[in-house]
Each structure stands twice: as structure tokens, then as C-alpha cells.
Protein chains: 2
Amino acid sequence: MSKKIVIIGGVAAGPKTACRVKRLLPEAEVTIIDQDSLISYGGCGIPYYVSGDVSDEKELRNTSFHMTRDESFFLNAKGVNVRANTRALAIDRTKKTVTVEILTTGGKDEVPYDQLVIATGSRPNILPIAGADLDGVFTVSDLHKAIDIKDRIAKGKVSKAVVIGGGAIGIEMAEAFTDLWGLETTIIEFMPQLMPRLIDRPFAMMLEAHLREQGVAVFTGEGASAIEADDDGKVCRVVTPNRSLDADLVIMAAGVRARSELAVEAGLAVSQTGNIMVNDRLQTSDPNIYAAGDCIEVKNILTGKGSIAPMGSLANREGRIVGDNLAGIPTTYKGWVGSFVMKAFERCIGATGLSLDSARAEGFDADAVITAQSDRAHFFPTQAIIPLRLVFDKTTRRVLGVQGFGPANDAVLARIDAAAGIIAKGGTIDDISQLEMAYAPPFATALDALNAAGNVADNLAAERLRYISVEDFLNWMDDFSSHEDWLALDIRHPKETEPFVNKYQEKWISTPYIDIRRRYQDLPKDKTMLIICDAGTRSYEIQTFLDSVGYRNTLVLGGGFNIIRRLGVNWWPQS
Amino acid sequence: MSKKIVIIGGVAAGPKTACRVKRLLPEAEVTIIDQDSLISYGGCGIPYYVSGDVSDEKELRNTSFHMTRDESFFLNAKGVNVRANTRALAIDRTKKTVTVEILTTGGKDEVPYDQLVIATGSRPNILPIAGADLDGVFTVSDLHKAIDIKDRIAKGKVSKAVVIGGGAIGIEMAEAFTDLWGLETTIIEFMPQLMPRLIDRPFAMMLEAHLREQGVAVFTGEGASAIEADDDGKVCRVVTPNRSLDADLVIMAAGVRARSELAVEAGLAVSQTGNIMVNDRLQTSDPNIYAAGDCIEVKNILTGKGSIAPMGSLANREGRIVGDNLAGIPTTYKGWVGSFVMKAFERCIGATGLSLDSARAEGFDADAVITAQSDRAHFFPTQAIIPLRLVFDKTTRRVLGVQGFGPANDAVLARIDAAAGIIAKGGTIDDISQLEMAYAPPFATALDALNAAGNVADNLAAERLRYISVEDFLNWMDDFSSHEDWLALDIRHPKETEPFVNKYQEKWISTPYIDIRRRYQDLPKDKTMLIICDAGTRSYEIQTFLDSVGYRNTLVLGGGFNIIRRLGVNWWPQS
């Protein structure tokens with residue numbers, strides 16, 4: 001008799017597992033159970049469906065060869081049975097059955113299995129505030145809600161939207177609302193910055209500044225305390241401790257948590273966060289039951305700890321690994337590093353590994369550099385600056401993370417993907433410095449921006465470079481009294497430094513880069529000079545020179561004003 | 001007394017060495033000697049200067065902050081002495097001096113050194129054919145020639161150009177001539193394909209087909225036998241064994257060789273190819289003399305052998321390493337893997353590591369897969385197919401190389417850079433499969449195209465997949481009698497298969513993917529069926545199914561017709 005494999009969950013990890021194991025073990029009887037009528041859709045595409053980039057929701061359910069991934073497709077093309085509209089109610093591990101309810105009829109059934117896969121995904125967090133269940137308040141959790149959201153906007157029922165949550169989904173939805181539909185859109189984020197934990201403050205500031213440029217209002221460090229309705233019972237307002245925001249559409253994008261009730265009730269081991277525990281073959285505490293996707297806890301390669309990684313890209317990788325193991329191929333999952341990329345209007349932001357904040361929170365002796373090099377040859381017409389941050393361990397020189405911000409093309413992606421491989425292999429700063437990035441002027445610089453970040457990190461780790469962080473520089477600019485003995489040594493062109501000298505007077509010395517070697521005697525020795533240029537590289541050069549002539553009272557502003565001018569600071573002189 | 005460091009060569013490796021060592025060792029006296037008047041320019045930018053993308057040659061000599069890298073810049077900004085127009089004639093290793101000729105005066109001088117760096121680069125090969133020295137025949141070796149070429153075209157003196165050599169420089173120049181200037185341009189390449197050794201035949205064919213689409217004539221397997229002049233002594237014609245091509249401009253881009261005469265005459269060790277031998281600190285056989293850039297032999301990480309890698313990107317990396325070592329920091333060079341990327345009109349081609357042909361020539365038990373996945377979510381409007389080839393060692397599963405072809409954006413770059421790190425770290429197919437490429441629909445697919453290539457390679461290496469190479473398929477299509485028992489099983493949509501069925505009759509069976517599971521009994525068992533779809537993935541699925549029902553007479557055409565339709569084959573049915 002053929003082996004019976006039952007998979008609970010029909011999006012991402014579930015279908016991937018089903019198709020993989022069916023290819024490896026064609027004689028197996030493979031069944032997917034899902035409570036929804038729509039299955040196997042690209043959930044990450046929802047913001048692009050709402051924005052109109054993707055015109056029809058069917059495109060999210062289609063294959064690349066234009067077939068819709070419905071029950072009959074899975075049966076005829078894949079040989080996989082799908083029971084849609086069927087809710088798994090309980091797992092009986094002794095009898096090896098799943099009790100299901102057929103939602104269209106209310107009838108129940110017992111589905112026997114030899115091996116079971118739990119791919120139940122996650123559900124969005126619903127904040128415990130008044131009005132969370134009002135008409136017009138949505139989570140971005142499934143395709144039905146997406147269709148409903150788009151429908152309301154298309155029918156002209158929405159003019160103001162508030163997005164609660166400044167993570168990737170919230171920002172992507174805000175772009176969809178603003179860019180195509182022209183809604184007045186506000187993002188509120190409870191934490192002090194957008195995309196907390198994923199990126200460090202300077203990158204969150206660049207992102208926030210760009211969102212503001214594009215007309216999105218952003219309030220950070222400010223949670224929703226209530227959602228209010230008009231007399232019709234429809235949402236009309238989001239209230240925070242600081243303000244009241246009109247809204248006829250509210251998106252709640254405040255993170256997700258595992259759907260693991262079935263696993264818990266079946267007595268499978270779960271983590272404190274409720275995520276299903278698996279070994280490196282993605283087997284649960286019951287060897288006949290595997291799990292994959294948002295509902296599991298997976299090992300982070302950098303920390304070695306179990307952690308939560310609810311990402312569609314990982315769900316697909318994990319599904320393949322479960323499929324292998326079901327078929328007797330002992331593939332193991334090495335863990336995740338945390339790569340992501342996101343489009344926000346005309347910008348791309350991405351990261352891999354740990355942010356500096358996260359690395360320190362995890363106990364690493366971590367430091368970081370910021371660079372601001374061009375993505376392609378500076379003489380090539382389409383070149384743009386792509387700020388990068390490289391996070392590393394000062395003791396081991398191991399690379400812990402890379403963050404990038406740039407135009408909405410694939411320039412940041414290339415650097416993130418390149419770093420991801422190095423990080424997963426335990427690589428060091430030197431591996432980044434020597435990483436052989438492909439070069440031609442239309443695509444890169446002879447020494448790639450990522451290599452340059454490695455080189456700066458090398459200088460910092462070896463204590464050849466004395467650095468001031470962007471964060472410390474901003475604090476000083478906000479309040480000079482925080483470091484009264486500091487002043488800026490601005491080595492840019494006098495045309496660039498003039499507004500700063502005019503505004504900040506004795507706090508701002510302008511001595512052009514090209515003149516330092518013959519004019520350094522005019523510089524003060526009793527103050528700490530923060531050397532400022534556009535990218536930080538000239539500043540480092542000047543620091544080494546000044547050191548050699550006895551002026552060791554300098555710190556380099558990493559990344560220079562190419563970074564600072566992207567942060568949307570309010571003290572920047574008006575030109 | 002301060003240490004005297006003398007560097008022979010003022011482009012790429014030389015200036016990089018000078019600036020790095022001067023930062024590390026500010027007290028050192030650093031001198032660059034170069035016979036040219038122009039130094040430290042971006043030589044790889046020459047085609048973009050000729051095309052007009054870069055309007056002024058000065059931009060190739062400028063820094064990113066708009067200063068020209070001339071003698072006074074190096075002196076004032078970097079503290080580095082430059083002696084331009086100064087030719088090094090001989091190295092006296094006992095006296096530790098370099099004899100130089102000052103080209104402007106004819107005078108001679110002895111330049112003493114404590115440590116010497118040879119960064120003399122390479123010179124273009126001049127083919128030993130009649131007419132190679134005619135007026136109008138150029139190599140692309142320095143900025144003066146580039147200025148002269150552009151000047152002739154801009155003055156309307158050129159209408160037809162012939163490029164001898166189908167490598168990167170030749171192709172980039174052909175694009176410059178055709179795209180902006182509208183010249184009638186022909187490339188001839190002695191080897192049977194464009195970019196020989198760097199890429200395999202299918203990728204060379206895609207490139208060639210695109211060049212043809214863009215109006216460039218291409219003849220491969222055909223060298224220049226003579227260049228002829230008109231009565232004025234100006235070039236007018238390039239003759240090959242097969243044809244005569246009118247030309248008022250000829251570019252000779254037939255590779256380069258090391259400029260190592262100084263090293264040879266000084267008794268330093270050089271390779272059979274004339275490249276200077278160095279250790280992993282880039283020290284020559286004289287410990288006081290280092291060398292970097294096109295003139296040296298460097299270790300290839302994959303083969304472990306010394307080899308030639310004349311690339312600007314490597315020259316810059318090497319310069320930094322020499323700078324470190326001159327300053328007492330024992331940095332070592334781990335070697336190169338062979339990353340490159342190139343724009344050709346509306347396409348990008350890139351590779352890292354070894355091609356399949358090169359890997360086999362090096363003695364690896366190599367095989368390769370071709371895939372044709374989308375660069376971003378298939379529902380995202382800007383998505384495009386990016387053919388990738390992954391070359392691996394069948395015994396060790398080590399990844400040996402990746403090639404890619406796609407639109408002229410950074411999509412191919414991202415995959416090449418990601419693979420380069422894995423290859424340099426000795427990674428396997430599994431590292432590629434699990435490489436955590438960043439994902440969002442505007443930038444990638446949930447399972448990235450590179451991961452997919454890893455997965456297909458995994459299936460092939462584990463002998464789960466029976467594959468027919470693109471090369472073998474083309475041979476069969478050219479002559480069915482080469483495999484009389486083969487036929488195509490085309491599982492694409494009947495609308496797509498119809499022209500093929502009409503043209504190839506009994507050689508072409510059309511059974512849609514979705515129907516195979518219920519119609520397989522109609523398929524022949526006495527012939528080998530080459531399963532054809534768009535990308536190869538459905539074909540693999542069908543192969544596994546057919547195996548399970550006793551039809552093991554199939555081979556999958558890897559990459560499917562997404563690859564084949566890009567090859568410019570003459571047998572494609574006209575629609």
C-alpha cells in the first residue's frame with residue numbers, strides 16, 4: 001500500500017512539501033488540507049495586488065506558465081490531492097489521523113496518515129485595543145482580505161488610511177495606498193524607529209525620510225491606543241497618546257504569531273513563543289510529524305539559537321527539506337541568517353544577518369561601519385550612492401550583518417545576497433574585503449561598495465581608524481553641549497561647507513581636503529575634530545596624515561555627509 | 001631617514017598601492033613612475049567614453065568628488081610623488097635603484113628605492129598579420145588611443161568598423177560604435193564562439209543572437225588574415241579566410257600579455273606566459289620587490305594553479321594587499337575565482353568560477369545544469385527570465401562556476417556576486433540551494449533563481465534527474481539522424497507546440513503537462529523522449545511521473561525553450 005502523507009496548510013511550505021515529495025516518491029498518496037478556498041498563492045505579492053502593479057488576484061495564484069494553482073491543477077498536474085475548505089480540528093498521534101471539518105457542509109471526517117506535515121503558518125497579531133474589530137480595520141493575512149481592501153479603495157470609499165506597524169508589510173501597504181491610489185496615508189510604529197531590530201537607526205531614518213518625501217506621514221515611538229468608529233459603526237479614527245488620526249481604512253500590521261494550536265493540543269513540543277520545535281531535519285517531537293514555515297522555530301546560524309523567521313522565502317526552502325526527508329533523503333536545514341529586501345517607493349532597503357543593535361543584544365562584541373560608495377562606476381550616468389553598514393565581531397572579525405539602502409533597482413540586492421553567503425559560511429571581514437564581486441562600469445566599481453565596507457571594517461577592527469558613529473554625531477548636532485570640546489573639520493569643497501560654517505560658526509572649521517597637508521598647522525589641538533567629507537574615505541586619509549604630524553585629536557564621521565543628508569535631519573542648513 | 005617606496009606604473013594597481021601604503025605609513029616617501037602623461041584613469045571606462053555615456057575623458061581620471069587625479073592631486077591630497085612622462089629603463093637590484101628616462105627632455109636619472117613595486121600592467125596583443133600597423137588600426141590600451149578613436153568618429157571619418165576579437169573589450173567597443181554612433185560594425189572571433197573559455201557555448205550563442213538583433217555582424221571561428229589599406233595608406237578592409245570586410249576603423253582586441261620586460265631583465269622569476277611570479281603576499285622572487293596587477297601571475301582558487309587574470313577589479317585588490325605588506329601588515333591574497341560581468345546593449349552577461357568547458361579542461365569531473373527562472377516574482381511587471389548555468393564537480397558536489405544572462409540591470413550581477421562568495425569559500429551545491437537570497441516580489445522570487453539552479457544541480461548530481469544538454473539537443477535538431485530514436489515530447493500549451501508539430505511531424509509529440517497523468521499510455525516506449533517545457537521544471541516533474549509508471553525512456557531538456565529561443569537558431573518555426 002502506498003504511503004499516506006498528509007499536509008495541513010496550503011500556502012508556501014505546504015504545497016512546496018507536497019510537490020517535492022510527490023516528485024521524489026511518485027507512489028505516495030499526498031493530501032493537502034486547507035481551511036481556505038484559495039490556496040498556494042503568493043502572499044508576499046498582496047501589496048502589489050493592492051497597488052495595482054498586479055492587476056488580478058489570480059496572478060498571485062498562477063504559475064509562471066499561466067495556470068491557476070487550484071485543486072484540479074494540483075490533482076492533474078502534480079498528482080496531489082487538495083482538500084480545500086477543510087479545517088483540521090485535531091491530530092490523533094496514536095491512531096495517526098487528522099480530524100477535519102468540511103466547512104461547506106459542516107460534516108466531519110478522519111484523515112489517516114503515515115506521515116504528517118504541519119504547515120499552518122502564522123496569523124497576524126490583533127492589538128488588544130478598543131475598536132480592533134471594527135468594520136474597516138484589516139490585517140494583511142490572506143487573499144480574501146486583500147481583495148476586500150482593494151475593492152473598497154477602488155470603489156472610492158477610502159481617502160485616508162492609517163497603517164499600524166512600521167515593518168515591511170505596513171510600509172509596503174502604505175506605498176500601495178499612496179503611490180497608486182493617492183490616499184492620505186499615515187504609518188504609526190510603537191517602537192522608536194521603523195523596522196525595529198531588522199535595521200539600525202540610521203537606515204530606519206533614511207527610510208523614514210524617503211517615506212515622508214513621498215507623502216507618507218510617519219510617527220514612531222507612538223502606538224495606537226484605540227480605534228474609533230463613526231455612527232454607522234465604520235472606522236473613522238485611530239487614536240494615539242499624542243494625536244488623533246482620521247482614517248476610513250486601518251491596516252493592522254503588528255507582527256505575526258505561529259498558528260500552532262493543533263500542535264500544542266497534540267502534545268508536540270513548542271517554544272515559549274508558541275512556535276513548533278523541530279530538529280535540523282524539520283521533524284517535530286513526534287518523528288512521524290514534520291513542520292515547516294511560519295509556524296516553526298528555526299535556528300539562526302549566527303546566534304545558534306532557535307528563533308522566529310516568518311518569511312515566505314524560508315517557508316519554500318523548508319518545504320523542500322521536509323519533502324526530502326519524507327522521501328528518505330536526509331537533508332538538513334543549516335538555519336537562517338535573516339536576509340530581506342524591500343521596495344519603498346523609489347528606494348530599496350535590505351539586510352542580512354544581525355543589525356548592530358541586535359548583535360549587541362545577543363551578546364556579541366560587535367561594532368559597525370557605514371560607507372557611502374557608488375553602486376557603479378562614478379563616471380557611469382546611472383550611478384547612485386548606496387549606503388552600506390557592515391556589522392562585525394571585534395574579537396573574531398566574523399561578519400555579523402550587512403544593511404543597505406539605495407535606488408529601487410537590484411544594486412542593494414546584489415550586495416545583500418553576496419554578503420548572505422559569506423555570513424552563512426562563517427566568513428570574516430577579510431572574506432568581504434576579498435570577495436570577488438563582478439566588475440564592469442555599468443554594474444559596479446572596480447573595488448565594489450561591499451569590498452569597500454570590508455576594508456573600512458578592517459581599518460576599524462585593526463584600530464587604524466578612529467570612528468564616530470552616525471548616532472553619536474546626531475546627538476552632538478542636536479546638542480553641542482553634549483560634547484563641548486568637539487568641532488567639525490569639514491574637508492569638502494568650500495561651496496559645500498559654506499552654509500554650515502555660516503550657521504555653526506566656531507563649531508565648524510572648513511579646510512579643503514586638498515589643502516590640509518600645507519595648512520594643518522592652523523588646526524586646533526585642544527579640541528576633538530570630527531572630520532567630515534562626503535563618504536568618509538578622504539576623512540580617514542586625513543586622519544592618518546594628521547596622526548603622523550602629531551594631531552591625534554580626530555574622529556572620522558563614517559560614511560560622511562552622503563549618509564547624513566539622507567537622514568532628514570532638521571538642522572541641515574537651507575540653501 | 002624615511003623609507004623610499006618606488007612604484008612603476010600609474011594605473012589601477014600602482015596608485016592603489018601608493019595611496020594605501022601612504023595612509024598606513026605616512027612617513028614613507030612614495031613615488032609613482034609612469035611613462036605616460038595621463039595616469040590613474042579608469043581604463044575599463046574607455047568603451048563608455050567612446051560611446052558617449054561618459055562625455056569627457058577627464059571623467060575617467062576624476063575622483064568621485066570631481067578632482068582630477070594628476071600629479072598635483074597625488075602630491076597635495078595624497079602626499080605621493082608622481083613622475084609622469086618618465087620611463088623606467090632598468091632595475092638594479094644590488095644598488096636598489098631604477099634607471100629612468102625623462103621623456104620630455106631625454107635625460108636620465110637613478111631613482112633609489114628601499115622597496116619597489118612593479119605594476120606595469122599589460123599590453124594588447126598585436127596580431128602578426130599584414131596591415132596591423134596601418135593608420136586606423138587601434139588597440140584599446142590607453143586613454144590617448146581612446147581619445148583618438150572617438151575624435152575620428154565624431155569628425156565623421158568612420159562609417160564601418162571591424163572589431164577583431166570577441167572578448168569583453170571587443171564587444172563593449174562594438175556596442176559603443178553601433179549604439180551611439182550608428183557605425184556598421186562587425187566582430188570577428190578566431191575561436192568558435194564569443195568570449196571563449198569564460199562562458200560556455202549556449203551563453204555565447206545568446207550573446208551573439210542579441211548582438212545580431214542589435215545590428216552587429218558577428219563571425220566566429222574566423223580570424224583576420226590581413227588588414228588592407230587604400231591608396232592613402234589608410235585602413236579600408238579586413239580580410240578573413242572567408243570574406244573581405246570594408247572598414248575605416250579596425251579595433252584589435254585580441255587579448256593582452258604582461259609587460260614584464262623590466263622584471264625579466266632584472267632576473268626576477270616569471271612564468272611561461274611572461275607573468276611575474278609572486279607569493280601570496282605578492283612578493284616577487286626578490287623580497288624587496290612586489291608586483292601587482294595585469295603583469296603578475298595569481299593563483300586561481302578553484303584550480304590552485306597560477307594563472308593570468310588581467311582585470312581592473314583584481315588590480316585594485318592586489319594594490320591594497322601590496323600596500324599592507326609594504327607597511328608591515330602581512331595580508332595575504334587568497335587568489336581569484338574569475339568573476340566578471342558585461343553589458344551588451346540591452347543585456348547583461350556575467351560569470352564567476354569556471355565554465356563547464358574550462359572545468360573539464362582542468363580535469364574536474366564536472367557537469368552543469370541550465371535553468372531559466374524569473375529574476376523576480378513572475379507576477380511582478382518588470383520580471384524577466386535569467387538563464388543561469390551552474391557548473392559543479394560530480395564527485396565532491398563542489399560548485400565550480402555560475403554563468404548568467406539577463407536584462408541590462410543588476411539581476412545577473414546579484415546572482416554572480418552571491419555565487420562568487422560561495423565558490424571562494426569552497427561551497428557545495430547544498431550551499432547554493434540553501435543560500436539565503438533576500439526576497440521581495442520586486443527583487444526576487446521566494447526561491448531565488450540561483451537557489452533553483454542549486455536544486456536542479458542537486459537532482460542531477462543525485463541522479464534523480466536525467467538530463468540532455470543544450471549542446472546535444474542542438475546537434476539533434478541540426479541532424480535528426482544523429483539520434484534516430486529520439487523524439488520531442490513537448491508538454492507546453494498546444495498553441496506553443498503547434499508550429500513545431502507542423503514542421504517536425506513525427507519527431508514532435510505534443511501532450512500538455514496537465515494531461516500527461518491521464519494520457520501517458522499513448523506515449524511510445526521504443527523511443528527516447530526529450531521532454532520539453534519552458535523552463536525545465538515541469539519536464540522534471542513529468543520525468544519522475546513517467547518513471548513511476550514504467551516509462552523510463554525520457555531525458556529532460558534543461559532550461560527548456562526559454563533557453564533555446566534565446567539562441568538564435570535557424571530551425572525555429574516562423575510564426
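Predicted model: local features only at pLDDT ≥ 70, side-chain atom pairs only at ≥ 80, totals over all residues.

User: OK. Which domains does the assignment give for chain A?

Analyst: Domain 1 covers 4-123 + 257-326, domain 2 is 137-254, domain 3 is 340-461 and domain 4 is 467-564. Such bounds come from an automatic or database domain assignment. Between the C-alpha centres of domain 1 and domain 3 of chain A there are 34 Å.

User: How is chain B laid on chain A?

Analyst: By a turn of 180° and a shift of 0.0 Å along the axis, with an RMSD of 0.0 Å. The two copies are therefore related as by a two-fold rotation axis. The superposition is by least squares on the C-alpha atoms of residues with pLDDT of at least 70 in both.

User: New topic. Which way do the residues of strand β7 of chain B point?

Analyst: In β7 (residues 115-118), B:Gln115 and B:Val117 point one way and B:Leu116 and B:Ile118 the other, and all are buried. Buried means that 20 or more other C-beta atoms, placed from the backbone, lie within 10 Å of the residue's own. Strands here are DSSP runs of E, at least two residues long, and helices are runs of H or I, at least four.

User: And which strands pair with β7(B)?

Analyst: Strand β1 (residues 4-8) of chain B runs parallel to β7(B) and is joined to it by four bridges; there B:Val6 has B:Leu116 as its bridge partner. Strand β19 (residues 289-291) of chain B is also parallel to β7(B), over three bridges, with B:Ala291 as the partner of B:Ile118. Pairing requires that DSSP finds at least two bridges between the strands.

User: What about the hairpin of β20(A) and β21(A): which residue takes a positive phi?

Analyst: A:Gly304, near 75°, in a hairpin with six residues between the strands. The two strands are antiparallel and joined by two bridges, and A:Lys299 stands opposite A:Gly306.

User: Last one. At what angle do helices α1 and α9 of chain B pack?

Analyst: The angle is about 35°, and the axes are 7 Å apart. Axes are lines fitted to C-alpha atoms over the stretch in contact, and angles run from 0 to 180 degrees between N-to-C directions.

Key:
Residues numbered from 1 in each chain as written. Chains lettered and ligands numbered in written order. Buried ≥ 20, exposed ≤ 12 C-beta atoms within 10 Å, placed from the backbone.
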